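Let's read some helices and backbone angles together. Have the model open as we go.

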Amino acid sequence: MNAPHPALDLSDRIADLLTDPAALPGTWTAHPSWRQSLAHGIPGIALLHIERAATDRGRWETATAWLSIAADGPLTSGPDSYLYYGAPALTHALDCAARTRPGTYRAALARLDHAVSADALHRCAQARARLARSDLPALAEFDTIRGLAGLGSLLLRREPDGRALQEVLACLIRLTEDVTHDGDPLPGWWTTDGPSGKPDPRFPGGHGNNGLAHGIAGPLALLSLALLHGIAVEGQREAIRTVLAHLERSRSGHTWPYWTTRDHPRSGRKPSAQRPSWCYGAAGVARAQQLAALALDDQRLRHAAEDVLASALTDTAALAATTDLSACHGFAGLAHIAHRAATDSDPPGAARLRAATTLLLDTVHLPRADPDRQARHLLDTAGPALLEGAAGTALALLAPATGTAPCTGWDTCLLTA
């Protein structure tokens with residue numbers, strides 16, 4: 001086994017600074033969502049310590065302390081909950097712990113599973129009613145962060161044979177069917193809102209979102225991962241190919257635009273592309289493509305997706321647009337995706353992706369950098385969050401820096417695995 005990359009020292013030091021929940025400043029812990037937020041609060045930090053304990057880099061007592069605080073109080077369920085907040089967020093964290101400590105949290109997970117399944121079924125009923133009205137969807141209906149794709153990732157782990165996952169997959173398949181709106185043919189995931197999920201005057205005709213966090217790449221990844229796990233419903237393969245065709249039409253070289261707008265289908269003009277990221281851009285979309293290729297057993301498509309990903313992650317202009325270390329849209333997140341993709345590749349694609357992983361890790365932790373100083377600066381400037389802060393950076397670095405796969409599968413919440 002090769003020696004760990006020095007970026008592992010940064011990951012370790014971040015974890016050290018986030019060991020004691022009581023030592024964190026009130027500016028972080030006073031926020032109302034702190035206890036229940038996977039993206040910004042305790043469940044996300046708990047994931048870091050769960051993965052470290054599972055890989056013998058940390059203590060289970062630390063992970064348990066964080067989980068206990070997350071569970072100490074009422075949890076949000078129903079329409080105000082989603083994968084990254086409330087009951088589903090704690091379910092994901094507890095599931096990651098239970099996978100390496102069989103038998104733990106059994107009663108709590110049984111109660112949470114019931115709440116998550118009921119919420120998913122209710123959301124599916126709402127989606128079917130929306131389709132019956134011929135309305136366009138909101139991003140929060142289907143995306144990874146707030147919608148059915150995110151809940152589906154949790155159901156795939158917890159209840160893969162359950163009715164709720166079947167309903168979620170069926171709704172996402174319907175989402176891929178073209179619709180006609182104001183006389184224009186549009187993909188079924190087109191929304192009248194802007195990328196924020198709210199009406200936006202900059203998007204007078206709405207937009208079609210391509211991202212893995214907020215767009216159609218999330219449903220693509222879930223449909224593909226379900227198929228890889230042997231779970232298929234009617235129309236699933238066709239839906240995957242429909243989304244792949246849309247993404248191919250949108251692609252320019254090794255980049256994708258974050259979204260398309262109403263004038264693009266009319267003119268055929270491709271919008272300008274932006275930085276590669278998990279949430280938006282080439283890294284997340286190409287990984288979703290690779291998962292689709294694996295699910296369809298399409299070697300040509302897999303090689304193409306891996307080539308696009310490797311090219312995007314070694315493009316100096318694209319990397320120059322990446323300005324932080326975060327899991328969401330920074331270098332640590334890119335390194336994690338490159339490492340995951342390399343594991344599912346074969347030569348020569350794997351070699352290019354491994355080289356890209358090393359390049360990204362080198363960018364995260366420059367030679368002779370002081371990991372303690374770097375970790376403290378990151379916490380001071382970005383906070384402890386999973387998606388955009390220090391905990392996520394530390395967690396995303398673990399697998400690529402050690403050359404291993406995540407032990408707990410924590411990154412299923414990103415729909416990258």
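Q: How many of the residues of α13 are buried?

A: First, the ground rules. This is a predicted model, where local features need pLDDT of at least 70, side-chain atom pairs count only at pLDDT 80 or more, and totals for chains, interfaces and linings use all residues. Residues are numbered from 1 along each chain as its sequence is written, and side-chain values use heavy atoms, without hydrogens and water. Helices are DSSP runs (H or I, at least four residues), numbered from the N terminus. Buried means under 20% relative accessible area, exposed over 50%, partly exposed in between (1.4 Å probe, protein chains only). In α13, 14 of its 15 residues are buried.

Q: How do the axes of α16 and α17 cross?

A: Axes are lines fitted to C-alpha atoms, for helices over the stretch in contact; angles run from 0 to 180 degrees between N-to-C directions. Under 35 degrees counts as roughly parallel, over 145 as roughly antiparallel, 65 to 115 as roughly perpendicular, and the rest as oblique. The axes of α16 (residues 331-343) and α17 (residues 349-364) come within 8 Å and cross at roughly 160°. The two helices are therefore roughly antiparallel. By class, their contact (heavy atoms within 4.5 Å) has 12 nonpolar, 3 polar and 1 charged residues. Nonpolar covers Ala, Val, Leu, Ile, Met, Phe, Trp, Tyr, Cys and Pro; charged covers Asp, Glu, Lys and Arg; the others, Gly among them, are polar.

Q: Are α14 and α17 roughly parallel or roughly antiparallel?

A: The axes of α14 (residues 299-313) and α17 come within 9 Å and cross at roughly 25°. These helices are therefore roughly parallel.

Q: Which prolines does a cis peptide bond join?

A: Most peptide bonds are trans. Here a cis bond joins proline 347 and proline 348, with omega about 0°. Proline 348 sits in the loop between α16 and α17.

Q: Where does aspartate 56, with its positive phi, lie?

A: Most residues other than glycine have a negative phi. Aspartate 56 has a phi of about 65°. Its place is the loop between α3 (42-54) and α4 (60-71). Aspartate 56 is exposed, at 71% relative accessible area.

Q: Is leucine 415 buried or exposed?

A: Leucine 415 also has a positive phi, near 60°. Leucine 415 is found in the segment after α19 (390-402). At 1% relative accessibility, leucine 415 is buried.
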